Amino acid sequence: MRRLPVYLLLDTSGSMRGEPIESVKMGLQMLLASLRQDPFALESVYLCIITFDRDVRVLIPLEGLEHFQIPEIQTPESGPTHLGAALKLLCERVDNEVRKNTIDQKGDWRPLLFLMTDGSPSDIQQYRKMIPEIKNRNFATIVACAAGTKAREEYLLELTDRQSVVSLDTTDATSFRQFFKWVSASISTGNMSMGATGQIVLPPPPPEVHHVAV
Amino acid sequence: MERKQFSALIEFMANSTDDVWANFNNFAGVEINALLVCWQKFQVEKLLMQEQGENKMVRTDNKNNTNNTTTAARVNIDIINQNTLGEKEVENILQADEIALVEEIQKSQSSTIITEIVPVSEPTSPLKNSDPTNQVTASNNSSSQEDLTDKLTNSSAKKENAELSEVLKETKYSSAGTDNNKTETEQTKDSIRAQAPSPKKPLVSSQPILLPNGTVGKPYKFNVLKLCSSSSGIVELHVEGLESTGLHFEADTWILEGIPEKPGDFSPSILYRSKRQNDPSSFAKSTLSLTINADPKSLWKDLPSDKTDPYWKPDSDSKVLLQKRLLIAASQRGRSHAHEGKFRDDDFGLDYLNDGWYLATVADGAGSSKFSRKGSKIVCSCVLDYLKQNMGVAFDTDFEINLTKYSCNKENITIKKTIQDKVYTLLAGAAHAAFKKIQEEASIQSVPLKDYATTLIVSVMRQYEFGWFVGAYWVGDGGIGIYSRDSDVRLLGEPDGGEFAGQTRFITMPEVWEASEIYKRVRFEVIDDFTAVILMTDGITDAKFESENNLKNIEKWDILWDDLTRTVPLAQRDGSHEKELLQWLNFWSPGNHDDRTIAILV
């Protein structure tokens, strides 16, 4: 059966420790609850959560909504934010996991990527090196979220287009709840039939989630 | 096994009287090895807990040889058969007190292995997270878990084992515990670094313990034993708070099962008593977390489409033409469109020309194109108009002669090419006329052409003396095949597909109008007879065939035909089965909720 692979890349660096990461977890709960009411998502959405701080890890490898359970998310005390390494790991996962159309099997829907960071990449060179690689992986949408005041949107604008970069004023529960609600709505439009290079049109974001200004 | 508990055990043994040691010595050799195995296991688990920063060590007071009641270590000894190692063979719970240990050792007939000591308040880790294979690290820094795993096999672990044997030797041969021994065990405590999976989540925890998810209507069965450490010595266990879940708990098998009735997040409780708790009414309690998914079938809504829309068309449609053979078609809006009150983007066309031509078209409007419902409608009717006007001229007596020749000798390449060219001129001409019609409409509405994007399959069929001629033009996905039951299926082309689901080509794309491209899309067959010629959009081919390879597989077509004719008695060839065909189009196929259209000549 055709799956809709959704990759969530979450910043778990030291600055996310405490309330911010708890808010993210609550947001994830919301995302799951919301997707579980969407009959299409319930059948087809497969989520993968990758976290990045000093280390990069696949917290949950691609798993269907039916059995998905939110794991513990650890944050170190402090340390760098290896977003570049995260993108590299993501490319590896996508290459290995996302099924393409072959004469023997129907491929998955084009994968979706949602990235959240509250800072900027420490490994900038690696980050920039990975950007074209990510673009080559044919994501139907790449949404990058700059959460909180320390997040630097300009790096995210290198990765994806302006309509797909959003920012949150704070890293509190309300902001993340709205963000993940929007993620859920975006996922629900991800199954459209389209030509090979078409981009999906994201639904308008809620008030707490701003499109970045020029 | 908790490191603290183990060191407590060592210390206890060190402080034990000669009597105890006399008995212990009786189990020397094998038991010492067993202890070494435990020691290794214990090191590893302890290290995991340290890494998680949740090292709640249990302090035991060695001098008094008593244990703090709130943080008591329970030493569990599995009495096992030498040949079988089973978690389920937990038989005893021991308190780390002298008498019980002695009794236990005296009782045991076979080898004993201390498998686990479970502290009362152990930190929790979610079931899934503790599997190291889930944690793929790509860090450049040294604190990766792979490094830690390496450390387990390095010399320091071996060193600990050596130290342990030293410790055991010393304690064995000196009847009173010495300060030396204490120091050594204290030292080994601090220098361990290794890592391994800790699969069992301890029962007592501060966060809700996750049960596996369930789904409404799907049988659920889970053995709660899996949540417990194997040797936690639980003798009685209850699960409460299951009202409204539809699940029940079997007290004797510890199985949680049933058929969930309602979706939602539930928080049942687990109550348990271990053997060493003497008061039979005293239970410890933990909260469980249970998520029940809704039945996907129940979540699909069916909202009517907007009748005021200028491009509105009915959510379902069907037609039948009965001649010598039966030509029937039906088209149904898919669940995903119905769920949002959107339009049916598929369409079809059927016609019969008096000189014996059966004409059929199916089209699938692109989901991402705003007006594709109109696009599919335009192409289906326009193609039929064009064919009606031009067929007689194109497929004249010369054509028939060539067909007859070809039917006698299919190796004749020249004849084949002549026929192919004729078919190409007509069918590509029809498709092109349809394309131009869309262009006109787009232009009138000042809307980009791609807003009307649609696939298209056209088929022309006629019976001659030699048999049947079937010609087709095909752009996009879906499929058309000449099907002969139990014999073969001849596809009249190949589906267009990209690397990913939902990618295909449309009649509105410039690349499909390159000369070489168009030619490839026109095919024909000459065949004695057939069971049916079937045209389908991908709403049906995805569900019934799944892959391009399967589309060529006669068995899959047989299955499809049997399934179809069970609901729609097509063999009867009377004109009354549109309703049944529409009904059949409602079949349930998880993940396949697209519009469905089928046209059949039978």
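Analyst: Start at B:Leu322, whose bridge partner in β16(B) is B:Leu326. This is a predicted model, in which local features need pLDDT of at least 70 and side-chain atom pairs count only at pLDDT 80 or more, while totals for chains, interfaces and linings use all residues. Residues are numbered from 1 along each chain as its sequence is written, chains are lettered from A and ligands numbered from 1 in the order in which they are written, and side-chain values use heavy atoms, with hydrogens and water left out.

The two strands joined by that bridge are β15(B) and β16(B), residues 326-332, which pair in the antiparallel sense over seven bridges. Two strands count as paired if DSSP finds at least two bridges between them. Strands (E, at least two residues) and helices (H or I, at least four) are DSSP runs, numbered from the N terminus. In general, the strands of a sheet pair through backbone hydrogen bonds, either parallel or antiparallel.

This pair belongs to an open, antiparallel sheet of six strands in chain B, in the order β15-β16-β25-β24-β21-β22. Its edges are β15, 316-322, and β22, 488-491, of chain B; each has a single partner strand, so one side of each has no neighbour in the sheet. On average, neighbouring strands of this sheet are turned by 15 degrees against each other, direction ignored. For such angles, axes are lines fitted to C-alpha atoms, for helices over the stretch in contact, and the values run from 0 to 180 degrees between N-to-C directions.

Within β21 of chain B sits B:Ile480. Is B:Ile480 buried or exposed? B:Ile480 has a relative accessible area of 0% and is buried. Buried means under 20% relative accessible area, exposed means over 50%, and partly exposed lies in between, using a 1.4 Å probe and protein chains only. Apart from neighbours within four places in sequence, the contacts of B:Ile480 include B:Ile457, B:Trp474, B:Arg490, B:Val533 and B:Leu535; contact means heavy atoms within 4.5 Å. B:Leu535 is 55 residues away from B:Ile480 in sequence, yet their C-alpha atoms are 4.4 Å apart.

Chain B also has a five-strand open sheet, with the order β17-β18-β19-β20-β23 and antiparallel pairing. Here β17 (346-353) and β23 (522-527) of chain B are at the edges with a single partner strand each, so each has one side without a neighbour in the sheet. Neighbouring strands of this sheet are turned by 10 degrees against each other on average, direction ignored.

Inside this order, β19 (residues 456-463) and β20 (residues 468-475) of chain B are joined in the antiparallel sense over eight bridges. One position along them has B:Val460 opposite B:Gly471 in β20(B). Helix α12 of chain B, residues 413-445, packs on the sheet and touches β19, β20 and β23 of chain B, with a direction that makes about 125 degrees with that of β23(B). Helix α10 of chain B, residues 372-394, lies across β17, β18 (357-364) and β19 of chain B and runs at about 15 degrees to β17(B).

A:Thr51 stands opposite A:Arg57 in β3(A). Seven of the nine residues of β3(A) are buried.

A:Thr51 is also among the contacts of A:Thr12, as are A:Phe52 and A:Asp53, when neighbours of A:Thr12 within four places in sequence are left aside. A:Thr12 is in the loop between β1 and α1 of chain A and counts as buried, at 0% relative accessibility.

Eleven of the 15 residues of α3(A) are buried, so the helix is largely enclosed by the rest of the structure.
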